[in-house]
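Me: I would like to learn how to read a strand within a sheet. Can we work through an example?

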Amino acid sequence: MEKPIRILHVLGGVGLGGAESRIMDLYRCIDREKIQFDFLVHQDKPGYYEEEIRMLGGRLYRVPRFRLINILEYRKALREFFGKHHDFRAVHGHMTSTAAIYLPIARSCGIPVTIAHARSAGVDKGAKGAATRLLRLPLRKKSGYMFACSKLAAEAVFGKKNTLAGNVKIVPNAIDAGAFRFNGEMREKMRRELAPEGRFVIGHVGRFHYAKNHEYLLEVFAEIVKRQDNALLLLLGEGERMEEMKQKAASLGIADKVRFCGNQKETWNYYQAMDFFVFPSRFEGLPGTVIEAQSAGLRCLISDAVTKECIVTELAVSRSLADSPAEWAEYVLANRDYERTDRYGQIRSAGFDVREQAKWYERFYLSGNAE
């Protein structure tokens, strides 16, 4: 029996982030007798998915974190790595900030397929964001394939000209849609644990990062509480701004009504407990969490900065961040009553089921044909 081909995924780490979770969904579903995944990460500390990666047959490698001032050290580490490890069929780069560095090195070492995959439509504010934009500029000419999770992400990373010319393949962020479908029995169980006495539960899933705009979410929730005293906010995720948001909740007088749940492996169960999903991001690529929420039958209010490509059912509506938190709160409360139903069929028909997407990736990785 022939050995499976190996695909190297390049990431910052293998924690519970959106890109990492989508890749792991794919990894679980892909035919591992034909295709195996390995991971090149930019941090020393173990990531959330490391044990599962090894269990599935994957290998993990590490290089130093890129800090601009260590660019020579970074290039050297990559040359040494790809000089020793060049048995990959493809290098799939999800870390686009430095892909213009590592993809050409990989190709020069004999790896036939290189992919830059845009998963975000924005960058951090300030000097860090400006540096990211600058580092991405050569990427349009230095990657064999350009993938993006949405048109907005494609334009942000590879430019409108490339996107309009059809040079970027749009590959939606697919999820394990079946796992998130509405489950009335699980809803009752999770409600007993998290929200007894008929509380009105607002939910959000996302790391505590500038892009996610948690401060605006807390202001919206504070307005909801003024009108609905038994409201509860469930926040799933971790990140560098978590403590700051705890302080923000306290300053708004809602700390006792906000639950910081941290990272949760079985997030699908938490969606069952929610009544409404609110997602006021400043920028996104294509948030899988909004697809997950719709799969769970949840009404969703998202910002108009988020690509419309994630609105795949009538449950999701976008609203401007220029509107006041009170206006967002009024919309949520005016639309809180609805029949929760299974939306798996709609999610699958829209192309967001990872089991179907895995078949496309198998054909691409084996043939190099992205059509």
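**Reading strand β9**

Reply: This is a predicted model.

Me: Why do the residues fall into two sets?

Reply: The side chains of a regular strand alternate between the two faces of the sheet.

Me: What does burial say about the strand as a whole?

Reply: Buried here means under 20% relative accessible area. Six of the six residues of β9 (residues 231–236) are buried, so the strand is largely enclosed by the rest of the structure.

Me: Which strands pair with β9, and in what sense?

Reply: Strand β8 (residues 200–205) pairs with β9 in the parallel sense over six bridges; F200 stands opposite A231. Strand β10 (residues 258–262) also runs parallel to β9, joined by four bridges, and there L236 has G262 as its bridge partner.

Me: How does the chain get from β9 to β10?

Reply: The chain passes through helix α12 (residues 242–251), in a right-handed β-α-β crossover. Another right-handed β-α-β unit is made by β8, helix α11 (residues 214–227) and β9.

Me: Where does β9 sit in the sheet?

Reply: The open sheet has six strands, paired in parallel, in the order β10-β9-β8-β11-β12-β13. Its edge strands, β10 and β13 (316–319), each pair on one side only. On average, neighbouring strands are turned by 25° against each other, direction ignored.

Me: Where does α11 pack?

Reply: On the sheet, where α11 touches β8, β9, β10 and β11; the direction of α11 makes about 165° with that of β9.

Note on methods. Residues numbered from 1 in each chain as written. Predicted model: local features only at pLDDT ≥ 70, side-chain atom pairs only at ≥ 80, totals over all residues. Heavy atoms only, no water. Buried < 20%, exposed > 50% of the residue type's maximum accessible area, 1.4 Å probe, protein only. Helix = DSSP H or I, 4+ residues; strand = E, 2+ residues; numbered from the N terminus. Pairing = 2+ DSSP bridges. Right-handed = clockwise from strand over helix to strand, strands pointing away. Axes fitted to C-alpha atoms, helices over the stretch in contact; angles between N-to-C directions. Contact = heavy atoms within 4.5 Å.
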